Amino acid sequence: MFVLFEHINAMTRPTRQRERDGDERWEAGEETEDEEFDPDEVDPEDIKRTSDGELIHEPTGIILEEEQIDPGPEWRAFNHSERQEKSRVGAPTTQTMHDKGLTTTIDWKDKDAYGRSLSSEKRSQMHRLRKWQERIRTKDAGERNLQFALSEIDRMASALGIPRSVREVSSVIYRRALNEDLIRGRSIEGVATAALYAACRKEGIPRSLEEISEVSRVERKEIGRTYRYISQELGLEMKPVDPKKYVPRFCSELELSKEVQSKAGEIIEETAEQGLLSGKSPTGFAAAAIYAASLLCNEKKTQREVADVAQVTEVTIRNRYQEQIEAMGIHG
């Protein structure tokens, strides 16, 4: 009982001293009494903060300040869905919005916190508040232009079915171009479209310049010219587009089997190794390989059908097809 009482007293002291392994005085059988400790006389370099938030004097192990704060949530969750349901934080920041998502919005539903409809006077007041909220979100013309450019990127990406991660990359590229003053003398839509195309190239998403220009409000030539300019000025390292990345999507749209898809990939690999790909359009090269594979696998598609899906001309397919079958030693 006496030993237990002494232990409780030791735990409730203002400062407590950690037991250190291999204490020589304990081994010698000497009594260990707490020595006088003056915090004002210690070397500041000997005072360290632990990961638990304790401030200790390293040579003696005395805890000078004890602050146990648990940074975790007060609720428990056992799987991802439970954590998502119980989380009370907002959406993460995003580069796809001009204010990075750090803003407040006034709900369009004219209801109070209890779900009851607002009076006509309150509805009119909320309408005015929403209007001013939208106005103050952009403080100047520069922010309004950025908001317009990012909304254009989002619109085009949605039309092309481009993943969210690529939209983030394209928004970052546009912001870099804006910071480097590369927008001056060029249309906002042109730079936004070029940034989206650059992001697709960088992330390995197979979207051709023709497909990008179809959903854009600027011409193909301007997109290509702006893309080359910003990629050079920003030092974007772009690898050549692999024609094989177009094959799954084109085959899916043409309703061709996996066998044709695999054969087209083999044709591209074999002919590219012989140097036929150099200087050729990757979409045209992929389209010709798909056409050749469909013939070899008895799932014939016309050159017109393949050309429409790949957005190239029938002449391009014929030329690439002849080159590929000659390189492979196939007589059509």
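Predicted model: local features only at pLDDT ≥ 70, side-chain atom pairs only at ≥ 80, totals over all residues.

Tutor: Residues are numbered from 1 along each chain as its sequence is written, and side-chain values use heavy atoms, with hydrogens and water left out.

Student: How many helices and strands does the protein have?

Tutor: Helices (H or I, at least four residues) and strands (E, at least two) are taken as DSSP runs and numbered from the N terminus. Counted in that way, the protein has 14 helices and 3 strands.

Student: What percentage of the residues of the protein count as buried?

Tutor: With a 1.4 Å probe and protein chains only, buried means under 20% relative accessible area, exposed means over 50%, and partly exposed is in between. Of the 332 residues of the protein, the share that counts as buried is 32%.

Student: Among contacts between residues at least 6 apart in sequence, what percentage join residues at least 24 apart?

Tutor: Contact here means heavy atoms within 4.5 Å. Among the contacts between residues at least 6 apart in sequence, those that join residues at least 24 apart make up 63%.

Student: How do the residues lining the second largest pocket divide into nonpolar, polar and charged?

Tutor: On a 1 Å grid over the protein atoms alone, a pocket is an open set of points, where a 1.4 Å probe fits, with protein on both sides within 12 Å along at least five of seven lines, and lining residues have an atom within 4 Å of a point. The second largest pocket has a volume of about 220 Å³, and of the 16 residues that line it, the closest to its centre are Arg201, Val241, Lys280, Ser281 and Pro282. At least two lining residues each are supplied by helix H7 (188–203), helix H8 (209–215) and helix H12 (282–296). The lining residues divide into 7 nonpolar, 5 polar and 4 charged.

Student: Which residues are joined with Glu152 into one salt-bridge network?

Tutor: A salt bridge is a side-chain nitrogen of Lys or Arg within 4 Å of a carboxyl oxygen of Asp or Glu. Glu152 forms one with Arg155, the closest N and O atoms being 3.1 Å apart, and both residues lie in helix H5, 3 residues apart, about one turn of the helix. Glu152 is buried at a relative accessible area of 5%, whereas Arg155 is partly exposed at 30%. Salt bridges that share partners join Glu152 into one network with Arg155 and Arg217.

Student: Why does the salt bridge between Glu210 and Arg220 tie together parts that are apart in sequence, and in which helices do these residues lie?

Tutor: The closest N and O atoms of Glu210 and Arg220 are 3.0 Å apart, and both residues count as partly exposed, Glu210 at 24% relative accessibility and Arg220 at 41%. The pair ties together parts that are 10 residues apart in sequence because Glu210 lies in helix H8 and Arg220 in helix H9.

Student: Is Gln303 buried or exposed?

Tutor: Gln303 is placed in helix H13 (residues 303–310), and it touches Tyr291, Glu314, Ile317 and Arg318, not counting residues up to four places away in sequence. Because its relative accessible area is 14%, Gln303 is classed as buried.

How values were computed. Points joined across faces, edges and corners; volume = space filled by probe spheres on them. Nonpolar A, V, L, I, M, F, W, Y, C, P; charged D, E, K, R; others polar.
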